[in-house]
Amino acid sequence: MASSQAATLLAALPEQRPVAALDAAVHGVPLGAIREAAEGCRACDLWARATQTVFGSGPVPAPLMLVGEQPGDREDLDGQPFVGPAGRILDRALDDAGIDRERAFVTNVVKHFKWRPSGKRRLHERPNREEVGACLPWVETELALVQPQALVLLGATAAQALVDPTFSVMRNRGRPLGLDLAPFVMATVHPSSILRAGERRESAYAALVADLRVAAAWLREHAA
Ligand code: SF4
């Protein structure tokens, strides 16, 4: 059943694959086949200027799932989420919060890198509402397969995509949100914001770790 569903998913038109993926996941198609289908996604224009699709990474199922905005320059080249400068901040913050990153599934709401040229550099550009909407079924599919006990949304793009378009991270960070997405759902800042915090960098980092400790404490108490 699962393999025929996987074949159907891979045969779907590239622009229809995000929605087909969610149905396939419900019917038992494993993450590997979903990831393969995502490589050919053309549901918005972002694929055209990116190197590759950057799908989520980590154990399935996993007690913790972390969702950011989109891959950055390094992630676009490597094909893995959170391996660049923001990923290094996240690794350190998870470690300081007492969370084993190896037990977390890490992904983004948008799977292709959106950028604009600046000399020889490629500068991050925030995905717009249409791009986030087109890509959303992929992360919903990951969520359905990973079935995390705790879901941590990193930054406004992820939180507004999965919770509410008007959601304010700064007003709601670091506390359980009481949503159906997972038994524990929390939002905090995106780790890239620490890199942009200037003189406030140390306190911004400490606040990120404090938020992640809330998730760590919940996991210690509730997850096997
Ligand atoms: S950003 Fe998402 S929806 Fe757009 S082409 Fe890439 S995978 Fe598909």
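This is a predicted model: local features need pLDDT of at least 70, side-chain atom pairs count only at pLDDT 80 or more; totals for chains, interfaces and linings use all residues.

Tutor: Residues are numbered from 1 along each chain as its sequence is written, and side-chain values use heavy atoms, with hydrogens and water left out.

Student: How many salt bridges does the rule give?

Tutor: A salt bridge is a side-chain nitrogen of Lys or Arg within 4 Å of a carboxyl oxygen of Asp or Glu. The count by this rule is eight.

Student: Which residue forms a salt bridge with Glu 142?

Tutor: The partner is Lys 111, with the closest N and O atoms 2.5 Å apart. Glu 142 lies in helix α6 (residues 129-146) and Lys 111 in the loop between β2 and β3, so the pair ties together parts 31 residues apart in sequence. Helices (H or I, at least four residues) and strands (E, at least two) are DSSP runs, numbered from the N terminus.

Student: Is Glu 142 buried or exposed?

Tutor: Buried means under 20% relative accessible area, exposed over 50%, and partly exposed in between (1.4 Å probe, protein chains only). Glu 142 is buried because its relative accessible area is 0%, and Lys 111, at 1%, is buried too.

Student: What salt bridge does Glu 131 form?

Tutor: Glu 131 pairs with Lys 114, the closest N and O atoms being 3.0 Å apart. The two are 17 residues apart, with Glu 131 in helix α6 and Lys 114 in the loop between β2 and β3. Glu 131 is buried at 11%, as is Lys 114 at 14%.

Student: Which residues does Asp 211 touch?

Tutor: Contact means heavy atoms within 4.5 Å. Leaving out residues up to four places away in sequence, Asp 211 touches Arg 173, Gly 174, Met 186 and Thr 188. Asp 211 is in helix α10 (residues 201-222) and is buried, with a relative accessible area of 8%.

Student: Which residues gather in a patch of negative charge?

Tutor: Patch residues have over 30% relative accessible area and no salt bridge; like charges are joined within 9 Å, nonpolar side chains (Val, Leu, Ile, Met, Phe, Trp, Tyr) within 5 Å. Here Asp 95, Asp 96, Asp 100 and Glu 102 form such a negative patch on the surface. Asp 95, in helix α5 (residues 85-96), is exposed at 58% relative accessible area.

Note on methods. Accessible areas come from the Shrake-Rupley method with a 1.4 Å probe; for residues, only the protein chains shown count as cover. Lys and Arg count as positive and Asp and Glu as negative; His and the chain ends are not counted. The place of a charge is taken as NZ of Lys, CZ of Arg, CG of Asp or CD of Glu.
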